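Here are my notes on this one, point by point. Have the model open while you read.

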Amino acid sequence: MRLPEVLFYDTNNTELNNTEFSNTKTPSFDEDEVTNNNHSKKSQQSFIAIGKIIQKNLELRSVVQGFIPDLLLNEPQQAEIVVRALDRGYHFLITELEKNNSILTLQKQLQGDDSIKLFLTKIGGK
């Protein structure tokens, strides 16, 4: 048995046929995409900051690559924090060497110009 409304349904009724689907508004990104885009932008900024630090201090390149290769790939924001700390540590050691720190002076005599980098690698690995 059919319902009475179905029997009287007029397919030419323009009120029903002219539904505008273009008026529906959906956000261009869902929450995950927005989160991923923000994370991606922050990651890019961290990579740029790391690059600038290493560009100013090329000695850190091998230290960074040796210490935190996985962190660089997976967590660039955390890697940036570590690279900044390594940079500060490197500059501190250079300053101490210039002040004739006896341990660093001896190490430079034994290991040459790479002594600071090697010392930073040694203490950073502990």
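1. Start with glutamate 80, which sits in helix H6 (helices, H or I of at least four residues, and strands, E of at least two, are DSSP runs numbered from the N terminus). Before going on, some housekeeping: this is a predicted model, with local features needing pLDDT of at least 70 and side-chain atom pairs counted only at pLDDT 80 or more, while totals for chains, interfaces and linings use all residues. Residues are numbered from 1 along each chain as its sequence is written, and side-chain values use heavy atoms, with hydrogens and water left out.

2. Glutamate 80 counts as buried because its relative accessibility is 17% (buried is under 20% relative accessible area, exposed over 50%, partly exposed in between, with a 1.4 Å probe and protein chains only). What does its side chain pair with? There is a 2.9 Å polar contact to the side chain of serine 46, and another of 2.8 Å to the side chain of arginine 84. Polar contact here is a pair of N or O atoms within 3.5 Å; within protein, one must be able to donate a hydrogen and the other to accept it, and residues adjacent in sequence count only if both atoms are side-chain atoms. Setting aside neighbours within four places in sequence, glutamate 80 touches Ser46, Ala49 and Ile50 (contact is heavy atoms within 4.5 Å).

3. Now the core. The largest nonpolar core holds 18 residues, and Leu60, Val64 and Leu120 have the most contacts inside it; such a core is a set of buried Ala, Val, Leu, Ile, Met, Phe, Trp, Tyr and Cys residues joined through side-chain atoms within 4.5 Å. Helices H3 (31–56), H4 (60–67), H6 (76–98) and H8 (115–124) each give two or more residues to this core, with H6 supplying the largest share, six residues. Beyond its neighbours within four places in sequence, leucine 60 is in contact with Ile53, Leu86, Asp87, Tyr90 and Leu120.

4. Leaving out neighbours within four places in sequence, glutamine 107 contacts Gly112, Ser115, Leu118 and Phe119. The C-alpha atoms of glutamine 107 and leucine 118 are 9.3 Å apart, with the two residues eleven apart along the chain.
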